[in-house]
Amino acid sequence: MPHIIWCGNKKWDSEFPEKPLPENAVKIESRADIFTGSLIYGFVAFLFCLLIIFIKWKWLGTRTVYPVLVPLGVLIGLLLMPVHELLHAICYCEGQKVYIGLSLEKFAAFAVCHEKISRSRFIVMSLMPMLLGIIPMAVFLIAPSSPIIAAICIPTGIMGMLSPMPDYMEVHMVHKQVPKGAYIQSQNDGLYWFR
């Protein structure tokens with residue numbers, strides 16, 4: 001298990017201790033603004049959630065939600081932000097240091113590890129927080145029709161599917177730019193790959 005270090009609240013552009021890169025490391029090109037650039041990926045995830053809702057409601061022919069409980073689903077989604085980062089962190093290798101914290105100025109959480117990770121493990125690590133969206137949407141889909149379940153699971157699931165938007169974008173960039181069998185290592189100025 002990696003060594004997880006809780007950092008508390010940090011500025012978004014805070015720097016963390018880096019490991020040296022090999023000389024042949026190549027920087028992975030990314031968009032300047034990761035949040036704006038990742039909106040298209042969030043749109044696709046949102047459409048997926050709408051499809052699940054449509055399937056359930058079309059299948060059962062009923063559309064009931066207790067609106068008063070929707071804020072509870074949103075609150076659960078917000079409280080799961082640190083869990084999102086923990087799901088990233090547990091994917092790193094034994095003994096690697098992973099820094100987890102919050103950036104209240106950006107209303108975001110982060111998990112940072114500047115140690116090498118295989119391309120395939122990086123992809124799994126990046127997509128792991130999708131579980132926070134898939135699980136509530138699956139519960140909503142398979143549970144008996146209930147306005148309480150719908151009011152809690154739908155907003156929690158949507159937030160769980162939307163929160164990895166930047167991760168979806170990074171996976172797409174890695175898939176396009178990094179050859180199979182390569183390693184990826186983040187630095188304070190971005191991601192690099194090498195063999």
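These legends accompany close-up views of a predicted model.

View A. Helix 2 covers residues 39-60, which makes 22 residues. At 1.5 Å a residue, these should span 32 Å. The end C-alpha atoms are 32 Å apart, so expectation and model agree. Buried in this helix are Tyr-41, Gly-42, Ala-45, Cys-49, Ile-52, Ile-53 and Lys-56. Seen down the helix axis, the buried residues fall within an arc of 125°, so they line one face of helix 2. Lys-56 is among the buried residues, whereas Lys-58 is exposed on the other side.

**View B. The other side of helix 2 and the residue that follows the helix.** Ile-40, Val-44, Phe-54 and Lys-58 are exposed here, on the other side of helix 2. After the helix comes Gly-61. The phi of Gly-61 is positive, near 70°.

**View C. A nonpolar patch on the surface.** Six side chains are shown: Ile-40, Phe-43, Val-44, Phe-46, Leu-47 and Leu-50. Together they have about 540 Å² of accessible area.

**View D. Leu-51 and Ile-117.** Leu-51 has its place in helix 2. With a relative accessible area of 44%, Leu-51 is partly exposed. Ile-117 is 66 residues away along the chain. The C-alpha atoms of Leu-51 and Ile-117 are separated by 34 Å.

**View E. Helix 6 and what covers it.** Helix 6 has twelve residues, 131-142. From first C-alpha to last, helix 6 reaches 16 Å, close to the 16 Å expected at 1.5 Å a residue. Leu-132, Gly-133, Pro-136, Met-137 and Phe-140 are buried in helix 6. Viewed down the axis of helix 6, its buried residues fall within an arc of 115°, so they line one face. The cover over the buried residues of helix 6 includes helix 2, helix 4 (81-89) and helix 7 (147-162). On the other side of helix 6, Ile-135 and Ile-142 are exposed.

**View F. The surroundings of His-84.** His-84 sits in helix 4. Its relative accessibility is 5%, so His-84 counts as buried. Leaving aside residues up to four places away in sequence, His-84 touches Pro-129, Leu-132, Ser-163, Pro-164 and Asp-167. One of these contacts, Leu-132, is a buried residue of helix 6. Helix 4 itself is part of what covers the buried residues of helix 6.

**View G. The salt bridge between Lys-27 and Asp-189.** The structure holds one salt bridge. In this bridge, the side chains of Lys-27 and Asp-189 meet at 3.8 Å, N to O. The pair links distant parts of the chain, 162 residues apart. Lys-27 is in strand 2 (residues 26-27). Asp-189 is in the loop between strand 6 (183-187) and strand 7 (190-194). Lys-27 has 40% relative accessibility and so counts as partly exposed. Asp-189, at 44% relative accessibility, also counts as partly exposed.

Notes:
Residues numbered from 1 in each chain as written. Predicted model: local features only at pLDDT ≥ 70, side-chain atom pairs only at ≥ 80, totals over all residues. Heavy atoms only, no water. Helix = DSSP H or I, 4+ residues; strand = E, 2+ residues; numbered from the N terminus. Expected span 1.5 Å × (residues − 1). Buried < 20%, exposed > 50% of the residue type's maximum accessible area, 1.4 Å probe, protein only. Arc of directions from axis to C-beta. Patch = residues over 30% accessible without salt bridge, like charges linked within 9 Å, V, L, I, M, F, W, Y side chains within 5 Å. Areas by Shrake-Rupley, 256 points an atom, 1.4 Å probe, with all protein chains shown as cover. Salt bridge = Lys/Arg side-chain N within 4 Å of Asp/Glu carboxyl O. Contact = heavy atoms within 4.5 Å.
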